[in-house]
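Q: I am new to reading protein models. Can we go through this one feature by feature?

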Amino acid sequence: MEGPTTSCGQAARERQQVTVKDVAVADVFDDDARHAILQAGSRAAHSLPLTTRTGAVLGMVSSHHERPLTGLSGTQLAALDAVGGSVGQWLLWHRHTLVLDALEHLHFLAGPHADAGDEPPGARGPGAGRLPGTDDLGMPHRTARGAAQDCTGRRTGPHGGRHT
């Protein structure tokens, strides 16, 4: 089988939005994918890649529609591109922030203070065992301005990494 057999696969490969106006006749689908999508009640689809500034695809959002589409306007496509880029940047920031916090936590555990009986931040009481700088769900702490803080108290954000 060559190439993607869904609008999501095509959007990921081409790193751009894909609109399928009518699933029943679109050539992007192979017979099995077309049958499954039609059986689910979808006659049209639009796939939006979630990208970084460098164009890496980190995820995909697809909408499925009960009736064929006539298409999206240029304004709608531009707005969706902006959303896909913003969400992609947030995903990238989130992945990097959590990895850095986890590494800082492991560094603390492996350091000389671990042998002295010191406990990492958050080791007792509510949230015991969670990564430093995160809430009970593992999300970075938020400041009043909406930026996050890592476990050292440095502000972080999706548009430019760590802020000091």
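A: Start with pairing: two strands pair if DSSP finds at least two bridges between them. Helices (H or I, at least four residues) and strands (E, at least two) are DSSP runs, numbered from the N terminus. In this predicted model, β2 and β3 pair in the antiparallel sense, over eight bridges. Because the model is predicted, local features need pLDDT of at least 70 and side-chain atom pairs count only at pLDDT 80 or more, while totals for chains, interfaces and linings use all residues. Residues are numbered from 1 along each chain as its sequence is written, and side-chain values use heavy atoms, with hydrogens and water left out.

Q: How many helices and strands does the chain have, and in what pattern?
A: Four helices and seven strands make up its secondary structure. Along the sequence they run α-β-α-β-β-α-α-β-β-β-β.

Q: What holds strands together in a sheet?
A: Strands of a sheet pair through backbone hydrogen bonds, either parallel or antiparallel. Here, three strands form an open sheet in the order β1-β2-β3, and the pairing is antiparallel. β1 (18-20) and β3 (57-65) stand at the edges with a single partner strand each, so one side of each has no neighbour in the sheet. On average, neighbouring strands of this sheet are turned by 15 degrees against each other, direction ignored. For such angles, axes are lines fitted to C-alpha atoms, for helices over the stretch in contact, and angles run from 0 to 180 degrees between N-to-C directions.

Q: Is β2 buried or exposed?
A: First the cut-offs: buried means under 20% relative accessible area, exposed over 50%, and partly exposed in between (1.4 Å probe, protein chains only). Eight of the eight residues of β2 are buried, so the rest of the structure largely encloses this strand. Ala44, His46, Leu48 and Leu50 point one way from β2. Ala45, Ser47, Pro49 and Thr51 point the other way. For the chain, 29% of its 164 residues count as buried.

Q: How do I check the span of a helix?
A: The expected span is 1.5 Å times one less than the number of residues. Take α3, residues 74-110. Its 37 residues should span 54 Å, and the end C-alpha atoms are 54 Å apart, which agrees. Among the buried residues of α3 are Gly84, Trp93 and His105.

Q: What is a nonpolar patch?
A: Patches are made of residues with over 30% relative accessible area and no salt bridge; like charges are joined within 9 Å, nonpolar side chains (Val, Leu, Ile, Met, Phe, Trp, Tyr) within 5 Å. Areas come from the Shrake-Rupley method with a 1.4 Å probe; for residues, only the protein chains shown count as cover. Here Val99, Leu100, Leu103, Leu106 and Leu109 form such a patch on the surface, with about 430 Å² of accessible area together. Leu100 lies in α3. Leu100 is partly exposed, at 36% relative accessible area.

Q: How many salt bridges does the structure hold?
A: A salt bridge is a side-chain nitrogen of Lys or Arg within 4 Å of a carboxyl oxygen of Asp or Glu. The structure holds two. One joins Arg43 and Asp22, whose closest N and O atoms are 2.8 Å apart. This pair links distant parts of the chain, 21 residues apart: Arg43 is in the loop between α2 (31-39) and β2, Asp22 in the loop between β1 and α2. Arg43 is partly exposed at 29% relative accessibility. Another joins Glu14 and Arg13, with the closest N and O atoms 3.2 Å apart. Glu14 is partly exposed, at 30%, while Arg13 is exposed, at 51%.

Q: Which residue has a positive phi although it is not a glycine?
A: Arg15, with a phi of about 55 degrees. Arg15 sits in the loop between α1 (7-14) and β1. At 53% relative accessibility, Arg15 counts as exposed.
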